[in-house]
Amino acid sequence: MLTYKIHLIRHGLTQGNLDGRYIGMTDLPLCGEGRRQLEELRRACEYPQVDRVFVSPLLRAKESAEILYPDRYTEVVDELRELDFGAFENRAISDLERDPDFQRWISSPPDTKAPGGESGADLQGRAVEALAYIFAQMMEKRAASTAVVTHGGLIMNLLAAMGLPQREAVRWNVQPGRGYTILLTPQMWMRDHKFEVYAQIPYEEEREVDEPFFVDRE
């Protein structure tokens, strides 16, 4: 049975990231430092070879895909967009710390929506929808390896929902330009709606590409 590889990669830095602002649906481009970091990672490390690239509709993700996979067909998947922070969008963390509405929101359960925005549960649901669509496309076209250039929050929520080993979302935090390779089989997907988190990417020179990075770290 064919095993499919999906490489989930977080986009590069934006000025909003550097300024410590909540950037979800705010459509910022990569900043100069973000571009330089991605180009350096591409030169110094090895990103997986892929058949296709799927990408968030937001500019920072599309620009990152162009840098990392300039010669691959790219398809935009709307469900891969980042969390909509609503009233908290594009505001600095230092400012929000004094906002009682923000304090109530971050202290609430994950299914609580940001005022005028989305909840973590909304994001997780979209992430699962996106993965289902991408996996269906891979099986239809027999594409064994694809890259998905998206956002840190979406990656964390998706892996927390469906990844093995099971971990809380915060333990799947990922830095700009980096991510995880997940392995899926049709049987695992249909029976369990789970996938195996197989490796961290990009691959460093000293680590063998086919060496799983998870054994059991509990």
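**Exercise 1. Find what share of the chain's contacts with a separation of 6 or more comes from residues 24 or more positions apart.**

Step 1. A contact means heavy atoms within 4.5 Å.
Step 2. Among contacts in the chain with a separation of 6 or more, 68% are between residues 24 or more positions apart.
Step 3. Note the conventions: the model is predicted, local features need pLDDT of at least 70, side-chain atom pairs count only at pLDDT 80 or more, and totals for chains, interfaces and linings use all residues. Residues are numbered from 1 along each chain as its sequence is written, and side-chain values use heavy atoms, with hydrogens and water left out.

**Exercise 2. Describe the chain as a whole: its helices and strands, its radius of gyration and its buried residues.**

Step 1. The chain has 8 helices and 7 strands. These are DSSP runs numbered from the N terminus: helices are H or I with at least four residues, strands are E with at least two.
Step 2. The chain's radius of gyration is 17 Å, close to the 17 Å from the globule rule for 218 residues, so the chain is as compact as a globular protein of that length. The radius is taken over C-alpha atoms, and the rule is 2.2 Å times the number of residues to the power 0.38.
Step 3. Along the principal axes, the C-alpha atoms fill a box of roughly 50 × 40 × 35 Å.
Step 4. Of the 218 residues, 49% are buried. Buried means under 20% relative accessible area, exposed over 50%, and partly exposed in between (1.4 Å probe, protein chains only).
Step 5. The chain exposes about 10600 Å², of which carbon and sulfur atoms supply 48%. Such areas come from the Shrake-Rupley method with a 1.4 Å probe; for residues, only the protein chains shown count as cover.

**Exercise 3. Count the positive and negative side chains, and state how far apart the centres of the two sets lie.**

Step 1. Lys and Arg count as positive, Asp and Glu as negative; His and the chain ends are not counted.
Step 2. The place of a charge is NZ of Lys, CZ of Arg, CG of Asp or CD of Glu.
Step 3. There are 26 positive and 36 negative side chains, and the two centres lie 1 Å apart.

**Exercise 4. Work out how tyrosine 4 and phenylalanine 135 are paired and which parts the pair ties together.**

Step 1. Rings of Phe, Tyr and Trp (its six-membered ring) pair if their centres lie within 6.5 Å; planes under 30 degrees apart count as stacked, over 60 as edge-to-face and the rest as tilted.
Step 2. The structure holds 10 aromatic pairs. In one of them, tyrosine 4 and phenylalanine 135 are 5.2 Å centre to centre with 85° between the planes, which is edge-to-face.
Step 3. Tyrosine 4 is in strand β1 (residues 4–10) and phenylalanine 135 in helix α6 (residues 120–141), so the pair ties together parts 131 residues apart in sequence.
Step 4. Tyrosine 4 is buried at 2% relative accessible area, and phenylalanine 135 is buried at 1%.
Step 5. Tryptophan 172 and tyrosine 180 have ring centres 5.3 Å apart and planes at 85°, so this pair is edge-to-face. Tryptophan 172 is buried at 1%, and tyrosine 180 at 5%.
Step 6. Ring pairs also link Tyr22, Phe85, Phe88, Phe102 and Trp105 into a cluster.
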